Amino acid sequence: MSAKNSLRQGGLALWQRVETVFDAFFGTGGNPLRHLGALGFHFVWIALVTGIYLFIVLDTGIEDIHTSIEYYTHEQWWLGGIMRSLHRYSADGLVLVMLLHIAREFLYGRYHSFRWYSWITGVPVLWLVYASGIGGYWLVWDQLGLFSAIASAEWFDWLPIFSDPATRNFLPGLLNDRFFSLLVFLHIGIPLFLLLALWVHIQRVSQSDVFPARSLALGTFFMLLVLSLAKPTISHGKADLSVVPTVLHIDWYYLFIHPLMYLTSPAALWAMAGLFTLLLLALPLLPHPKQQPIAVVNPPNCNGCRRCFVDCPYGAIAMLPHMDKPGHELARVLPDLCASCGICAGACPSSTPFRSVDKLVTGIDMPQQPVGVLREEMEHRIAALAGQPRIAVFGCDCAADTKQLEGAGTAVFSLMCTGLLPPSFVEYALRSGADGVLVTGCREGSCAYRFGTRWTEERLTRQREPHLRPTVPEERLRLAWADGHEMSHLKATLDDFRQYLQSLGADEKRLRPYTPRRIAHHG
Amino acid sequence: MVSKSPTNPVVLVAQALFYGLFAVIIAIFSTWPEYTHLGPDRALIKLSFSYHGEFVTECRERTPEELAKLAPNMRAAKVCPRERSPITVRIDLDGQPLYEGVAQPAGLSKDGASTLYKRFEVPAGEHLVSVKMNDNVRVQGFNLAREEKMALKPAQILVVDVRKDHGGIFFE
């Protein structure tokens, strides 16, 4: 294992432990660590709304802006001041969650194969967030804004792109309202580009997580509100082109680049920024596991029900008019978008193992783990189980290693993603001789394929099609989500489930056994 | 296992702690630690100009032979080379050299303005600032100069610029 992967795995284990702790208090749906992207969007929305308000009320002239901001900060603190602080702190929060989001996606290895697009398109977002934020400081036109404007100009002057040094704009007597209008335009224009870049960034994921859970959204909003009241944002003294700002209370989330430049040089800062950007862009090109074969549609078994289309986390399925059946549709896999997760196979109603065909072929399937092979394997292995109780475990290759649960009374089926499991397989396992079925996989939010855990849970709790039939006794099904580091938790859950099943009477809550005709006929 | 009910006091306390910590992290690094950009009792000299040097060679009359070779509509009697002189600059502070350099004219034909921007941190107080420039390669030595005693207050910026409409080098 390379140093990069060792570092990543170690970091991931630590990160997942923290996420698990947060799950206990926020639930997976409201866990801020699992929804950093959505939280970032939430901060963007807050900055957008407060920014529109500030743009409306503030005077935007080089001589007026500082006075205007001071008025709203101190005289109208209860509205203008709070809006200003919300604008500033939401922008700071955005940087914080954005950097954590990048770190998390890296630790989870979500930067290569089909995910290259989201990773690469995230890089301009990083630059645009900084450009938007830094430009906002200039607009305040206090000593800090002047410092930032001059430092930024000195940085850009290193590039041979201006005929006149940009820094000369900040010599006494040269600034006017036209320049300030340019700043306003930039602080509106760049954030608009940011919104465009964010839209591009989420294009290859369906049902994008752009709004956090209500509890998380309200919690963070009130957190910012309390912070705005407790520590209102205030300005430095008015910008004065004839003196150098000496001691500054700088916003390190955005403006750290300026001290870094004065500590080194403009060239060194360009080198650092360029290398970091190149590193991010190069990550998808580094050696990584080869992508698995993508989903394959079998037209004779596809009835155009659209469930795979709805459930695909990456919008990799399109519904096209059926070639032979007018008025019907047929699923089609878009190869560039397919993540090879198999969630579509789990959504396909044709994936039911109760079908009497000798060779089970479903409407959409994964070549490396076909549903038909899973049925065959399950029949053989459940029949071979010894002792009581007999348990079938359906796990996920990306989560806790279910192979360690294998035993005389336990048959383990590790799937590419738990979302590949058609709910009818649970019933089939119970009617084929299993006393209980344990379904496990990544915790929600950790799922390598976004919705594998969520869809599986909803299907098995009868909230989503295709769902588990109502006749299946809940007592004989156990769901236990466990990430890679939670093997002991999973083992304990299995032991508990085993004891529970033993406590049930042999025929209590048990489905009638089912032997398919094809097996009965062939002995 | 902790009940995730929003009314569970443990959940409420844990969430309050999280949001409190989140707010503290945002608040702290949004203004702290303070950054000292310029030490006390220091001032700044900015050498900055955007200035067109003199032409490298003077205009001259074309010979009749040269004119004959040109298309009739192109037969201008004078030819003026576009290339301009680089600006050589030297600053001395209290008799000690502070900076010496050359600013090349911009443009592929070197016919644009020579630009320069440099900043020098100096102790506040009284200084003898001496600036010399050459904007003409056909002249030996420095053909522009200004020397002045300046009293720089702490944090003050002294701009050294050169413009023809300001009579050459000036301090601001």
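## Contacts and overall form of chain A

Of the contacts in chain A between residues at least 6 apart in sequence, 74% join residues at least 24 apart. The model is predicted. Its chain A contains 18 helices and nine strands, and the C-alpha trace of this chain spans about 100 × 50 × 45 Å along its principal axes.

Chain A has 523 residues, 56% of which are buried. The accessible surface of chain A amounts to about 23,000 Å², with 64% of that area belonging to carbon and sulfur atoms.

## Helix α8 of chain A

Helix α8 of chain A covers residues 214–230, a run of 17 residues. From its first C-alpha to its last, α8(A) reaches 24 Å, close to the 24 Å expected at 1.5 Å a residue.

The buried residues of α8(A) are Leu216(A), Ala217(A), Gly219(A), Thr220(A), Met223(A), Leu224(A), Leu227(A) and Ser228(A). These buried residues pack against α1 (3–30), α2 (36–57) and α4 (77–107) of chain A, and also against α1 of chain B.

## A nonpolar surface patch on chain B

In chain B, Leu21(B), Val24(B), Ile25(B), Ile28(B), Phe29(B) and Trp32(B) make a nonpolar surface patch of about 530 Å².

One of these residues, Trp32(B), lies in the loop between α1 (9–31) and β1 (35–36) of chain B. Trp32(B) counts as exposed because its relative accessibility is 52%, and the cut-off for exposed is over 50%.

Technical notes. Residues are numbered from 1 along each chain as its sequence is written. Chains are lettered from A and ligands numbered from 1 in the order in which they are written. This is a predicted model: local features need pLDDT of at least 70, side-chain atom pairs count only at pLDDT 80 or more; totals for chains, interfaces and linings use all residues. Side-chain values use heavy atoms; hydrogens and water are left out. Patches are made of residues with over 30% relative accessible area and no salt bridge: like charges are joined within 9 Å, nonpolar side chains (Val, Leu, Ile, Met, Phe, Trp, Tyr) within 5 Å. Accessible areas come from the Shrake-Rupley method with a 1.4 Å probe; for residues, only the protein chains shown count as cover. A salt bridge is a side-chain nitrogen of Lys or Arg within 4 Å of a carboxyl oxygen of Asp or Glu. Helices (H or I, at least four residues) and strands (E, at least two) are DSSP runs, numbered from the N terminus. Buried means under 20% relative accessible area, exposed over 50%, partly exposed in between (1.4 Å probe, protein chains only). The expected span of a helix is 1.5 Å times one less than its number of residues. Contact means heavy atoms within 4.5 Å.
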